[in-house]
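Hi,

Here is the structure I promised to pass on. Have a look at it first, then read on for what turned up.

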Amino acid sequence: MDRKILWDCHMHSSFSADSDTPMESMIQRAVELGLKGITFTEHLDPDYPATPDGLDFSLDIPSYQKKLAELSDTYKDKIQMRFGIELGLQMHLGEYFDSLLAQVPFDFAIGSSHLVHGYDPYYPEFFEGRKEFLCYMEYFESILENISVYDGFDVYGHIDYVVRYGPNKNREYSYGRYKDILDEILRKLISKGKGIELNTGGYHYGLGEPNPCTAVIKRYRELGGEIITIGADAHTPDKVAYAFDKAATVLENCGFRYYTVFKDHKPEFISL
């Protein structure tokens, strides 16, 4: 197999509210693709508001941890597995997350902005009756708010997640249009020793770009950012390692010669 990226470090299974896929099905697909390793990053979004589809973004961590340990042993000769979590950040949750991460031996924690002042851009209500530009700006402002009060995560997830769901998606979105606030986000993450991810979900959402877009990833590197993980944000087996060939090209074009995986919250750098 001619692949440069052999780890998928952002994926979900039925332990996450928005996936019905058994964990073993995700693992089997990763093995079929010849991946060296995967990191499950199940959703935990405390204080998530009621949704139209009745999703519950709490997480049964003991059951998740037990199942992953069992399957890690079953597949130990075929693939490496790491124990991760995707934290849905809100300004009042820092103490809760600190306590959680001190008690549970996760390998990896993604910090993500899913809610913007109580609304998830996934649902159209966030955009109703408002200018798309201002919705995007509010989303980026919320990232700054989150990282100003909490930095216990390892990387910040899909920094421009909001454009996946905008009325015009990324047709009017660019790094240049939001340069000042995006640079502020990147500088703050770098100053705190935090990484970002190249999330290939943008490709399967039809953006033609990863999240964040290539220009943001390039700027992160220009500003001195070194830690970058790769994940497809897969919730079903067909999306595991999605568009990883494109991800490798983006990394190289942005000046990276490696990507990052985490174990015990410590970065490991793997050459492309």
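This is a predicted model: local features need pLDDT of at least 70, side-chain atom pairs count only at pLDDT 80 or more; totals for chains, interfaces and linings use all residues.

The structure holds zero disulfides. Cys9 is in none either, and the nearest cysteine sulfur to it, that of Cys254, is 18 Å away. With a relative accessible area of 2%, Cys9 falls below the 20% cut-off and so counts as buried.

Next, the core. The largest nonpolar core has 89 residues, and those with the most contacts inside it are Phe40, Ile85, Leu87 and Phe140. Helix α4 gives the most to this core, with eight residues.

Helix α1 (residues 23-32) packs with helix α2 (residues 61-74) at an angle of about 35°, and their axes are 11 Å apart. The crossing of α1 past α2 is right-handed. On the α1 side the contact is made by Met23, Glu24 and Ile27, and on the α2 side by Tyr64, Lys67, Leu68 and Leu71. Sorted by class, that contact has five nonpolar residues, two charged ones and no polar ones.

You'll find Met81 in strand β3 (residues 80-88). Its relative accessibility is 14%, under the 20% limit, so Met81 counts as buried. Setting aside neighbours within four places in sequence, Met81 is in contact with Ile27, Ile38, Phe40, Leu68, Leu71, Ser72 and Tyr75. As for Gly193, 112 residues separate it from Met81 in sequence, and the two are 24 Å apart in space, C-alpha to C-alpha.

Last one: Asn146, in helix α4 (residues 132-149). Is Asn146 buried or exposed? Buried, because its relative accessibility is 5%. Leaving out neighbours within four places in sequence, Asn146 is in contact with Leu89, Gln90, Met91, Ser113 and Tyr156.

Over to you!

Notes
Residues are numbered from 1 along each chain as its sequence is written. Side-chain values use heavy atoms; hydrogens and water are left out. Helices (H or I, at least four residues) and strands (E, at least two) are DSSP runs, numbered from the N terminus. Buried means under 20% relative accessible area, exposed over 50%, partly exposed in between (1.4 Å probe, protein chains only). Contact means heavy atoms within 4.5 Å. A disulfide is a pair of cysteine sulfur atoms within 2.5 Å. Axes are lines fitted to C-alpha atoms, for helices over the stretch in contact, and angles run from 0 to 180 degrees between N-to-C directions. A crossing is left-handed if the near helix is turned anticlockwise from the far one by less than a right angle, and right-handed if clockwise. Ala, Val, Leu, Ile, Met, Phe, Trp, Tyr, Cys and Pro count as nonpolar, Asp, Glu, Lys and Arg as charged, and the others, Gly among them, as polar. A nonpolar core is a set of buried Ala, Val, Leu, Ile, Met, Phe, Trp, Tyr and Cys residues joined through side-chain atoms within 4.5 Å.
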